[in-house]
Amino acid sequence: IKDIATVREYGDNHYAPGTWRQVEPERFIDALIRHALAMVDYPRSKDTESGMEHYKHVAAKAAILCELLKPRQVEEF
């Protein structure tokens, strides 16, 4: 959880807090795959931009996708 929070904090500082909610899930799927592929030969390799391990980015993207893809309930009035 701490690793996910670290990546999310990086994203909030790099972009703007909460903007991930307006991003299409496909972009996070692409990023998750890109980071996972970077880990294939070197599981502890680091992202050149953030300096953080790719596995941390994979976990953060998966957590974001869990939030973005969960079914929404519509409240009836």
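Of the contacts in this protein with a separation of 6 or more, 59% are between residues 24 or more positions apart, where contact means heavy atoms within 4.5 Å. This is a predicted model, in which local features need pLDDT of at least 70 and side-chain atom pairs count only at pLDDT 80 or more, while totals for chains, interfaces and linings use all residues. Residues are numbered from 1 along each chain as its sequence is written, and side-chain values use heavy atoms, with hydrogens and water left out.

The secondary structure comes to three helices and zero strands, in the order α-α-α from the N terminus on. Helices (H or I, at least four residues) and strands (E, at least two) are DSSP runs, numbered from the N terminus. Taken along the principal axes, the C-alpha atoms fill a box of roughly 55 × 25 × 20 Å. Of the 77 residues, 25% are buried; buried means under 20% relative accessible area, exposed over 50%, and partly exposed in between, with a 1.4 Å probe and protein chains only.

Now the helix packing. Helix α1, residues 2–14, packs on α3 at an angle of about 85 degrees, and the two axes are 8 Å apart. Axes are lines fitted to C-alpha atoms, for helices over the stretch in contact, and angles run from 0 to 180 degrees between N-to-C directions. The pair is therefore roughly perpendicular, on a scale where under 35 degrees is roughly parallel, over 145 roughly antiparallel, 65 to 115 roughly perpendicular and the rest oblique. On the α1 side the contact is made by Asp 3, Ile 4, Val 7 and Arg 8. The α3 side includes Tyr 55, Lys 56, His 57 and Ala 59. By class, the residues of this contact are seven nonpolar, one polar and four charged. Here Ala, Val, Leu, Ile, Met, Phe, Trp, Tyr, Cys and Pro count as nonpolar, Asp, Glu, Lys and Arg as charged, and the others, Gly among them, as polar.

α3 itself has 16 residues and reaches 22 Å from its first C-alpha to its last, close to the 22 Å expected at 1.5 Å a residue. The expected span is 1.5 Å times one less than the number of residues. Which residues of α3 are buried? They are His 54, Lys 56, His 57, Ala 60, Lys 61, Ile 64, Leu 65 and Leu 68. What covers them includes α1 and α2. An α-helix has 3.6 residues a turn, so residues three or four places apart point the same way.

Next, the loop between α2 (25–38) and α3 (54–69), where Ser 45 is found. Ser 45 counts as buried because its relative accessibility is 18%. Not counting residues up to four places away in sequence, Ser 45 touches Ala 38, Met 39, Glu 53 and His 54. Its side chain reaches the backbone oxygen of Ala 38 at 3.2 Å.

Is Glu 49 buried or exposed? It counts as exposed, because its relative accessibility is 51%. Leaving aside neighbours within four places in sequence, Glu 49 is in contact with Tyr 10 and His 14. Its side chain makes a polar contact with the side chain of Tyr 10 at 3.3 Å, and another with that of His 14 at 2.9 Å. A polar contact is a pair of N or O atoms within 3.5 Å; within protein, one must be able to donate a hydrogen and the other to accept it, and residues adjacent in sequence count only if both atoms are side-chain atoms.
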